Amino acid sequence: MAPSSNCSILFVMIALFSLSSITTSHAARSLLQLPNLPTIPSLPQPTMPQLPTIPNLPTATTLPPLPTLPTANTPLPSLPTLPSVPKMTLPPMPANIPLPNMPSVPNIPTIPTLSPPPSN
């Protein structure tokens, strides 16, 4: 039953895809058979104003020198000392508090298995 239903579903899908492609090709053909549409007139190109020149830009000769990076020979500054934090302690637990009883696992009956008869 399952293979025939899969085959019928496949057949229906192929039929739907073929019908949709017929509709698409029909629409494309009708678009090709339209009379010539009027052409769109070209729009004038806008003119962009010239950007103003900025005479005060610094050149490569007027830039300040870059800062020097520390090399392997320069010592690094020492880290600041952190303040000490007081140790936190918890009070001891009382020894006479009984623990809650855990429920026991129920016994599940087993199913007897059939064994073959002993061979003589």
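Predicted model: local features only at pLDDT ≥ 70, side-chain atom pairs only at ≥ 80, totals over all residues.
**Overall dimensions and surface**

The C-alpha trace, taken along its principal axes, spans about 105 × 80 × 40 Å. Of the 120 residues, 0% count as buried. The accessible surface of the chain is about 13800 Å², and carbon and sulfur atoms account for 71% of that surface.

| Property of the chain | Value |
|---|---|
| Span of the C-alpha trace | about 105 × 80 × 40 Å |
| Residues counted as buried | 0% |
| Accessible surface | about 13800 Å² |
| Share of carbon and sulfur atoms in the surface | 71% |

**The helix and F17**

Helix 1 covers residues 2-32, and F17 lies in this helix. Is F17 buried or exposed? The relative accessible area of F17 is 56%, so the residue counts as exposed, the cut-off for that class being over 50%. F17 also contributes to a nonpolar surface patch, which it makes together with I9 and M13. The area of this patch is about 330 Å².

F17 and P67 are separated by 50 residues in sequence. In space, the C-alpha atoms of F17 and P67 are 70 Å apart.

How values were computed: Residues numbered from 1 in each chain as written. Heavy atoms only, no water. Buried < 20%, exposed > 50% of the residue type's maximum accessible area, 1.4 Å probe, protein only. Areas by Shrake-Rupley, 256 points an atom, 1.4 Å probe, with all protein chains shown as cover. Patch = residues over 30% accessible without salt bridge, like charges linked within 9 Å, V, L, I, M, F, W, Y side chains within 5 Å. Salt bridge = Lys/Arg side-chain N within 4 Å of Asp/Glu carboxyl O. Helix = DSSP H or I, 4+ residues; strand = E, 2+ residues; numbered from the N terminus.
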